[in-house]
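Here's a quick walk through the side-chain packing in this one. Have a look at the fold first, then we'll go through the rings and the core.

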Amino acid sequence: MSKAAHRITRYETADLAAGGQRRPFAKAVRAGDFIYVSGQVPALDGEIINGGIVAQTEQVMANIISVLALAGCGLEHVVKVNVWLDDPRDFSSFNGVFEKYFLDNPPARSTVQSALMVDAKVEMDVIAYNPS
């Protein structure tokens with residue numbers, strides 16, 4: 001095995017989707033000093049939660065915090081966030097939640113509109129930097 005392969009760590013397989021369907025990707029992958037968190041939707045126990053953009057963004061942030069913890073990181077380590085919103089009219093409400101979590105350590109961010117999985121209003125993935 002190459003030296004580079006030893007610097008890659010995969011953190012847990014993604015939680016089961018609705019109906020117990022297995023999802024074929026890691027929750028996060030550490031490659032060197034960077035941690036790549038897979039896209040997080042507002043799911044709890046494999047189901048998209050009810051509620052508007054505020055409740056769903058709060059759930060996505062809880063999911064991100066949980067996955068970052070697997071890699072020994074917190075939100076202060078996040079350097080880049082990608083955001084997909086189902087409805088661009090939710091942008092201001094989304095920002096209201098987002099800034100609560102990143103006010104002290106704002107990351108770089110991209111936000112786009114995209115059709116998302118059924119009932120999801122938001123999806124986010126993050127890249128964190130945490131030298132080991």
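Let's start in helix α3, where F98 and F102 sit 4 residues apart, so about one helical turn separates them. Keep in mind that this is a predicted model. The two rings form a tilted aromatic pair, with 4.6 Å from centre to centre and 35° between the planes. F98 is buried at 8% relative accessible area, and F102 is buried too, at 3%.

How many aromatic pairs does the structure hold? There are 4. Another one joins F34 to Y129, again tilted, at 5.0 Å centre to centre and 55° between the planes. Since F34 belongs to strand β3 and Y129 to strand β8, this pair ties together parts that lie 95 residues apart in sequence. Ring pairs also bring in Y36, linking F34, Y36 and Y129 into a cluster.

| Residue | Relative accessible area | State |
|---|---|---|
| F34 | 33% | partly exposed |
| Y129 | 36% | partly exposed |
| F98 | 8% | buried |
| F102 | 3% | buried |

Now for the nonpolar core. The largest one has 24 residues, and I64, L68, V81, F94, V122 and M124 have the most contacts inside it. At least two residues each come from β3 (34-40), α2 (53-70), β6 (78-85), α3 (91-102) and β8 (122-129). Which element gives the largest share? That's α2, with 6 residues.

Leaving out residues up to four places away in sequence, F94 touches I53, T57, V83, L85, R109, V122 and M124.

One last stop is N130, in the segment after β8. Is N130 buried or exposed? At 14% relative accessible area, N130 counts as buried, because the cut-off is under 20%. A polar atom of the N130 side chain lies 3.2 Å from the backbone oxygen of G72. G72 is also among the residues N130 touches, together with R30, D33, I35, A71, C73 and H77, once residues up to four places away in sequence are set aside.

Methods: Residues numbered from 1 in each chain as written. Predicted model: local features only at pLDDT ≥ 70, side-chain atom pairs only at ≥ 80, totals over all residues. Heavy atoms only, no water. Core = buried A, V, L, I, M, F, W, Y, C linked by side-chain atoms within 4.5 Å. Buried < 20%, exposed > 50% of the residue type's maximum accessible area, 1.4 Å probe, protein only. Contact = heavy atoms within 4.5 Å. Polar contact = N/O pair within 3.5 Å; in protein donor to acceptor, adjacent residues only side chain to side chain. Phe/Tyr/Trp six-rings, centres within 6.5 Å; stacked < 30°, edge-to-face > 60°.
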